[in-house]
Amino acid sequence: MPADLSPIDRAKYAASRRAVDFVEDGMRVGLGTGSTAAWMVRCLAERVKAEGLKLQCVPTSTRTAELGRELGLNIVTLEEAGWLDLTIDGADEFDPELSLVKGGGGALLQEKIVATASDRMIVITDAAKEVKHLGAFPLPVEVIPFGWQASRTLIAELIGGSDVMGHEITLRMNGDQPFRTDENNFILDLHLGRIGNPRELSLLLNQIAGVVENGLFLDICDTVIVGYGDGRVELHDMAGREVGDEPVPGNVFTDGDL
Ligand SMILES: O=C[C@H](O)[C@H](O)[C@H](O)COP(=O)(O)O
């Protein structure tokens, strides 16, 4: 493990390093977006370089595509890959059922398309993202810019009448302009506190005109790998929890790669 990382980066690195062990030669792999996924892309590129793996990698954002290309990964489109063996991505929250909130970085739409076009999704996180109930992290909802205020009004009516507490909705900003996704859409962040029924909320949100997708990932994630600052990892899957207390082997990076 690189020596001079902060504890949080060490945790992200440990989870990433373990996750790329699941990649095999010849696989078609979805690459997530965000600071944790960026570590995974670096770890994967190191494995490809060291072992000569032949992969097709489908990124979930322009940011990830650029990083992957810079590091020499074979970046292809989802159309070219057709279907994926595995997607590895970060998350903003996960619960005991491995339901997720994603989209803190605004990439939820491509992330959901790529993850659901994969045989398996592995999520890599640090321990702070484990929650009993989803919702403390504001739920991102991608909306088209046309009529976004009307979509917001309808969302406010929906969440005001459902079993979630509170209903502040904020338009995500980038400086003094609305944040734009890779598809040029807006993001509304729903400050819910706690989501009592994620399935119902997800279905109802996606029925609102103007809503493209929401950041709830339900029945999509197969495994969560939690990394810790000391290099340990824990694997959570639907069959229960397996704890790995061996530090992830390190020294895969040179300073230049960081
Ligand atoms: O849109 C961004 C993604 O859903 C990210 O995977 C998520 O926000 C987690 O990002 P990070 O690893 O930077 O905390």
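Visitor: How far does a backbone N or O atom of Ala107 lie from an oxygen atom of the ligand?

Guide: First, a heads-up: this is a predicted model, where local features need pLDDT of at least 70 and side-chain atom pairs count only at pLDDT 80 or more, while totals for chains, interfaces and linings use all residues. Residues are numbered from 1 along each chain as its sequence is written, and side-chain values use heavy atoms, with hydrogens and water left out. A polar contact is a pair of N or O atoms within 3.5 Å (within protein, one must be able to donate a hydrogen and the other to accept it, and residues adjacent in sequence count only if both atoms are side-chain atoms). For that backbone atom of Ala107, the distance to a ligand oxygen is 2.9 Å.

Visitor: Which residue puts a polar side-chain atom 2.9 Å from an oxygen atom of the ligand?

Guide: Gly103 reaches a ligand oxygen with a backbone N or O atom, at 2.8 Å. The polar side-chain atom at 2.9 Å from a ligand oxygen belongs to Lys102.

Visitor: How much area do domain 1 and domain 2 bury between them?

Guide: An automatic or database assignment sets the bounds: domain 1 is 7-128 + 219-257 and domain 2 is 139-212. Buried area is the accessible area (1.4 Å probe) that two parts lose on being put together, summed over both. Carbon and sulfur atoms account for 47% of it here, and the total is about 990 Å².

Visitor: Which side chain meets Arg199 in a salt bridge?

Guide: The rule wants a side-chain nitrogen of Lys or Arg within 4 Å of a carboxyl oxygen of Asp or Glu. Here the N to O distance is 3.6 Å, and the partner of Arg199 is Glu97.
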